[in-house]
Amino acid sequence: MGTTPATDHSNTMTSGAAGTLNAGELRDQLAQLAQQHGISRWDLGASCSTDTSVQVDRGEAKQMKGAQRSAITVRVWNGDGLVGITSTSDLSASGLEKALTGARDASAFGNPDDTPAFSPLATAPLPQLEQPRHAPQPILELLSTLKQAEADLLGRHPAISTVPYNGLAQRSSERLYLNSAGACRHQALSTASLYLYARAEETGRKPRSAGAVRLAYGAGELDVSGCIAEAAERTISHLAYAPIDTGHYTCVFSPEAFLDLIGAFASLFNARAVLDGVSLSSRESLGKPLAVPFLSIHDNGLHPGNIGASAFDGEGTPTQRLALLEGGLLRNFLHSEATARAFGVAPTGHAGLGAKVSVGADWLEVGPTPGSGGGQQGLDRFHADGPIVWIDSLSALHAGVKASQGSFSLPFDGWLIQGGEPRSIEAATVAGDIRQLLKAIVGFEGEAKVTPDGLCPHVWVEGLSITGEA
Amino acid sequence: MVATSQLQPSPPCLDVFDPSWQGRLEELLGQGRAAGADLVEVFLERTDHLGVLAEQEAITSVSPAFGMGAGIRVFRGERDGFVSTNDLSAKGLRQALEQALGMLGLELLTNGRNGFEGLPELRDHGAGKSDWLSGSPQLAEATARLLEGTALLERHGKHLQARRGSYARDWQEVLVAASDGTFARDVRLHQSLGLNVLAADGEHRSSIGRRYGSHGRPDQLRSWDAEASALEVCESAGAMLYADYVEAGQMPAVLANRFGGVIFHEACGHLLETTQVERGTTPFAEKVGEPIAHEAVTAIDEGLSDGAFGSLSMDDEGMEPQRTVLIENGILKRFLSDRAGELRTGHARTGSGRRQSHAFAAASRMRNTYIGAGQHTPEQLIASVDKGLYCKSMGGGSVGPTGQFNFAVEEGYLIENGKLTKPVKGATLIGEAKEVMPRISMCANDLDLAAGFCGSVSGSVFVTVGQPHIKVDSITVGGR
């Protein structure tokens, strides 16, 4: 990669036009500054991106946006081995120096009982990801595509009056991880996304809405027609709605809804949360049953369906596939370097970069454990004996999930299926406890579906509490 | 207007937004106008953030961050293009302008300032605030206060499995210049404190948190009553630890003051922003002058309350804030509007153009939003309910594109025969704004405010919610 000389910020580490990171120059400059300030141990995460996006409103451009972003996070270890950190969007030489000295000053307040170190895997070979890079399209081309998509969606049904939430965006980005021990990670990526969220209303009835999302490595690769068709189908399917009686129902979660729910309770698998005492799991939970004996959950950021996957985490550890739950038993936790050290295992590639390093899941694979039978067979929500609540999407997870308690109470969009006929539910919440839910799974329906958050089939759960407005 | 003819302005000072920026900004605004834009706006920002986390008896995270950037917005007709960048150099800003113009089919010309006569004298709302950053607590003081907080939690709490104290200080300097003559600077200082606990006893668990926030009060952390805060959190956690799950159904509810105001924020406030009018997602678009709420309800949004989290000296489009009466005795009076909202909906600007940072275009957003005080006492509201729910403390909430809202109850109690009885947990309140607003039938006389963060189209912004105790005649309570 090349670098473009400074504007009137001297020695800026990104080129103004392309917004690309220059790893070598950044490393050399940081090493020099560190030496000047007597800092011998440091690491750095950097990112830069160029984004363009458009939104439309009834055939007109509503907003067109562009952004050039850059950010650096620097960590330093002081003479006592304590860590400090500082982040900045100022990649000039003076900004870099301010970040370095800020991190050094913050290190005086580092936690001696939980000090991160370099990941032992920060120089291990990285997985090869198949991520074709695409040149960005001109923004007016994006606009034309989105206008056409909106028009197509509006034409699908007379009740669809607007597409109030929509967007077509593309991003070219790079990220780096460097440390004073010689680690140097770099990844460049292009991604694009399309979302269409339609609103439909029939005379004398309440407005209804639903949508769809698509991701790809370039705007030209997006499945625009699929997104339109899905948004239309889902929106139209909610037009004929009725209230639901409050009670307990067998529920079928869509792949998206089940992945959202598991993601909201990912602290079950998070070693950081375990060490902090805010997870429902403990060290002793490993090997113990957490769910029905036919459920498996893996974290697999490397799955080809994970558009925009990272090859390495914030500490430079390679991304990997990790078994979290097999046969209903808790197998592994997600780790950073520090939590892995505390558990006596290797880092798993799920760390951020910080003084206190966060840990998070990448992309989940949910399904039957091979050889387990997979629970009840032949499940088909349209041929079930009793009423079935089909939960299509969950809302307000930030407010309705108490991850450290295990409870949830969430509004959802979905259908009540009786005698094979689905009828949209006017408004309702589903409530329960995640531990009970994982042990109340009946089985799976259909093939696993690739979604932006993971891979999952429809999941049947019995006895969940539904509150309706009937 | 003070016109200037400086064609090659000297480089502005990068360490402060002062009048040295005038020349460069005038050049940008003039070039944008010459290219055919109706209006060009430049938003410059510098930030200095400090976050500190204490857990149990240790400081576990200190995370300083600083940055700078610009957002350039160009209007032509009702359309606009917006570009943000971290590069404040002349070249970087010019490239951003060029890109924004290109979005509207306009081209940057070499020279020319058609239709732009220059910026007036700077309106400096930041004058007198130069000591806000230096006057706020430094690291040693902040860490000591947080550790005091977690120690008090340990002293007052029972069965506490985790104790956390958090502190965030967000300093921001902004400069806004627009080709309509806007040229204004401000300095903001937001500080927030949080205390959280997780109590656990066997299978019983409760997690409770409280946040306290201020604007423009460097001394907030020093004057914080840590003892009272710790007591409040521990009492709540203790009350909820053994609580049963609430039974679902329709019932009357009394919502406590302070953060109870999130019901108005989510159920109605967002629907009174012109961004919702533009999208066609508010049921109140054509209702100005008509009743949309019970006559007991008067609701206000303002940016003026001294020290409140959502207060501003100017909004992010350079306009001074107002006290905006949204609803008066149940009648819809006004919408909250920003520059684009005024252009596209005709609702006059209210000083409500807000954004998280330079990376977002401003949008109409709430500031300090609350239902006004009524005549009753809180006890009268509770006494009027035979069987219902008392929501002492609220969690977060949201509103969807059809006006359907929801929010979580963090600490709740049953009301039976006009009295509070046992604690209940797991409640979520759901409903639709136009249905619930007429059901707010009683307001008490104890209006109070609480700090919060609101995420929406222009990012996460500091807000205040508030209300007195209110009674909702009937609402759907989601539970077990």
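A residue is taken as buried if 20 or more other C-beta atoms lie within 10 Å of its own, as exposed if 12 or fewer do, and as partly exposed in between, with C-beta atoms placed from the backbone. Helices (H or I, at least four residues) and strands (E, at least two) are DSSP runs numbered from the N terminus. The structure is a predicted model, in which local features need pLDDT of at least 70 and side-chain atom pairs count only at pLDDT 80 or more, while totals for chains, interfaces and linings use all residues. Residues are numbered from 1 along each chain as its sequence is written, and chains are lettered from A and ligands numbered from 1 in the order in which they are written.

Val83(B) in E3(B) is the bridge partner of Ile72(B). Two residues lie between the strands of this hairpin, where Gly77(B) takes a positive phi near 60°. Phe82(B) stands opposite Lys65(A), and Thr85(B) is the bridge partner of Gln68(A).

In the interface as a whole, 63 residues of chain A are in contact with 66 residues of chain B, a contact being a pair of residues whose C-beta atoms, placed from the backbone, lie within 7 Å. Strand E2 (residues 60-77) of chain A supplies ten residues, the largest share of the side of chain A that touches chain B. That side comprises 18 nonpolar, 29 polar and 16 charged residues. Here Ala, Val, Leu, Ile, Met, Phe, Trp, Tyr, Cys and Pro count as nonpolar, Asp, Glu, Lys and Arg as charged, and the others, Gly among them, as polar.

Glu121(B) is located in the loop between helix H2 (90-103) and strand E4 (123-124) of chain B. Glu121(B) counts as exposed because it has 10 C-beta neighbours inside 10 Å.

The predictor assigns the complex an ipTM of 0.89 and a pTM of 0.92. Over residues 1-8 of chain B, pLDDT stays under 50. Where pLDDT is low, the predicted coordinates should not be read in detail.

Notes: Two residues are in contact if their C-beta atoms, placed from the backbone, lie within 7 Å. Two strands pair if DSSP finds at least two bridges between them. pLDDT is the predictor's confidence in each residue, from 0 to 100.
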